[in-house]
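Trainee: Could we go through this chain together, step by step?

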Amino acid sequence: MKIAAFSDIHANYSALETILSEIKKSGADQIIFLGDIFGTGSEGAECLELLLENNVKCICGNHELY
């Protein structure tokens with residue numbers, strides 16, 4: 001089983017799209033996000049929706065707790 005893990009998107013939707021595209025190309029069986037969906041960018045809700053649409057397992061980071 002191939003697992004991809006990444007973190008710290010900080011509401012950067014275009015970066016998240018790029019990362020997910022590259023992960024899909026790699027053939028990962030499971031994707032895990034290690035926290036900090038929200039933060040300095042303005043597209044946190046959109047990032048969360050994209051992660052959910054792609055069945056990404058998410059762990060809360062410190063920015064989710066804020």
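Mentor: We begin with a definition: a crossover is right-handed if, with the strands pointing away from the viewer, the path from the first strand over the helix to the second runs clockwise. This is a predicted model, where local features need pLDDT of at least 70 and side-chain atom pairs pLDDT 80 or more, while totals for chains, interfaces and linings use all residues. Residues are numbered from 1 along each chain as its sequence is written, and side-chain values use heavy atoms, without hydrogens and water.

Trainee: Which hand does the unit of β1, α1 and β2 have?

Mentor: Helices (H or I, at least four residues) and strands (E, at least two) are DSSP runs, numbered from the N terminus. Strand β1 covers residues 3–6 and pairs with β2 in the parallel sense over four bridges, where pairing needs at least two DSSP bridges. With helix α1, residues 13–26, between them in the naming, β1 and β2 make a β-α-β unit that is right-handed.

Trainee: Which residue of β2 is the bridge partner of Ala-4?

Mentor: Strand β2 spans residues 30–33, with Ile-31 and Phe-33 on its covered face and Gln-30 and Ile-32 on its uncovered one. The bridge partner of Ala-4 is Ile-31.

Trainee: Through which helix does the chain cross from β2 to β3?

Mentor: Strand β3, residues 57–58, pairs with β2 in the parallel sense over two bridges, and Ile-32 stands opposite Lys-57. The crossover from β2 to β3 is right-handed, and the chain makes it through α2, residues 44–53.

Definitions and conventions: Buried means under 20% relative accessible area, exposed over 50%, partly exposed in between (1.4 Å probe, protein chains only).
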